[in-house]
Amino acid sequence: MNIFLTGFYVLTLLCAVLFVYTKTSLKPVNDVGFLGFQRTYLFVYLLAMGGDWLQGPHVYALYESYHMSTHQIEILFVAGFGSSMIVGTIVGSFADKYGRKLNCIIYGVLYGLACITKHFDSFWILMLGRLLGGTATSILYSAFESWLVYEHHHRKYDSELLGNIFSHAILGNSLVAIVAGLVAQFFADRFGFVAPFDVSLTVLITMIVIVYLTWTENYGDQSVNISQSFKNAFTAIRTDHKVLCLGAIQSLFEGSMYVFVLEWTPALTPAPPQVSSQRNLLEDDKQMEDGHRGTIPHGHIFAAFMVAVMLGSCIFKLLSRYTSIESFMRPVLLVSALSLLMPILFPGNQLIIFIGFLVFEMCVGLFWPSLGTMRGKYVPEETRATVMNFFRIPLNMIVIFILLQNLPLKVIFQCCVFFLIMAAVFQQWLYNLLSRWKRTQGVLRV
């Protein structure tokens, strides 16, 4: 049994124990209306994420199997992040004005078309796929959350329960990702690296149908045009330092996370022997002795990462019970920076690097529900999607800058560590702002 599968089993056991503990120690939610609303949202959201996760483990490997060089692969990823950066802010304003439900449907259509392009080994067709996928991703991380927050407040549910939905979303998202990683590995081993993208297309079509039939439409401020929505979002960022801090944390952490997504494969792949340097790239598509395609089991590693995310989600519930999110996210961001030091300090040590990456993914599991809950408190409803996508500009600029430099792997991870440390600095600023406000209000707990 390889270390990646062992890590998956060990983390699964730990996560199961922690999940049972949190289930028994925390007060259950008994609001029937809220529970129905939560199920409606989570079912659609998890289908959307499932369509995304099915593609994740084998994107890099698929491009390699098409004889793409490392630099060509980086250019393809730059195209995706570039489209997210340029189109993303417009898409956010479009969602606020014309409807979040409509944008969620558009997400499924664009990402489905991106899956179809994976059948072609043409660099330019794959480029088109990345452009479509990048635009879809910007919708995924704004329209769905904006729809949820509006409906939650509109139906007058307890504001504290919003964090409960985000926590369940991350927990379910992790389970879906684990299954997606194993399913993707199964289909890739038997039908090649393109097969997981066909499965993803099927899931996305199902999601579109369910959104159309079951969701109601909601909006931001329909009375303003898109340019005015931009101005309002910028004003909110400029005048409220809490929104500024949240945006900076989002950009720095997610930028590092996306770079990590692109670089974990080469970081964990053993250096090939010199005698094999002349081998054809098609050898990467052959099955290894333990039954998977490629030099490392991408699906198994991906599944282990997602169990770590799920573990982080369970820890979020416990920490939220005893302290504020603004407080505990400070050490979480510092730990995430330390975890990505492993490929810098121990290059080539597959076990230590893998453990460091698992710790980072656990921090990701803490980050998502924390950020979602804080945005629900501080970002204005009228321009929510626009503000969220506004910060995708620096986020994608971080990723594009690193990829275009064609930097050594060690330098790339050094940049990620720096960005995560800066995110911790902004989190400390946010904590200080909240502390000052609570002292003026006579609130003791921060």
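A: Phe 360 is buried, as its relative accessible area is 0%, where buried means under 20%, exposed over 50% and partly exposed in between, with a 1.4 Å probe and protein chains only. This is a predicted model, in which local features need pLDDT of at least 70 and side-chain atom pairs pLDDT 80 or more, while totals for chains, interfaces and linings use all residues. Residues are numbered from 1 along each chain as its sequence is written, and side-chain values use heavy atoms, with hydrogens and water left out.

Q: OK, and how many aromatic pairs are there by this rule?

A: The count comes to 29 aromatic pairs, where rings of Phe, Tyr and Trp (its six-membered ring) pair if their centres lie within 6.5 Å, and planes under 30 degrees apart count as stacked, over 60 as edge-to-face and the rest as tilted.

Q: So are Tyr 107 and Tyr 111 stacked or edge-to-face?

A: Their ring centres are 5.5 Å apart and their planes at 65°, so the pair is edge-to-face. Both residues lie in helix α5, four residues apart, about one turn of the helix, helices being DSSP runs of H or I with at least four residues, numbered from the N terminus.

Q: And what about Phe 253 and Phe 360?

A: That pair is stacked, because the planes are at 15° and the centres 5.8 Å apart. It links distant parts of the chain, with Phe 253 in helix α11 and Phe 360 in helix α15, 107 residues apart.

Q: Is Phe 120 buried or partly exposed?

A: Phe 120 is partly exposed, with a relative accessible area of 41%, and lies in the loop between α5 and α6.

Notes. Helix = DSSP H or I, 4+ residues; strand = E, 2+ residues; numbered from the N terminus.
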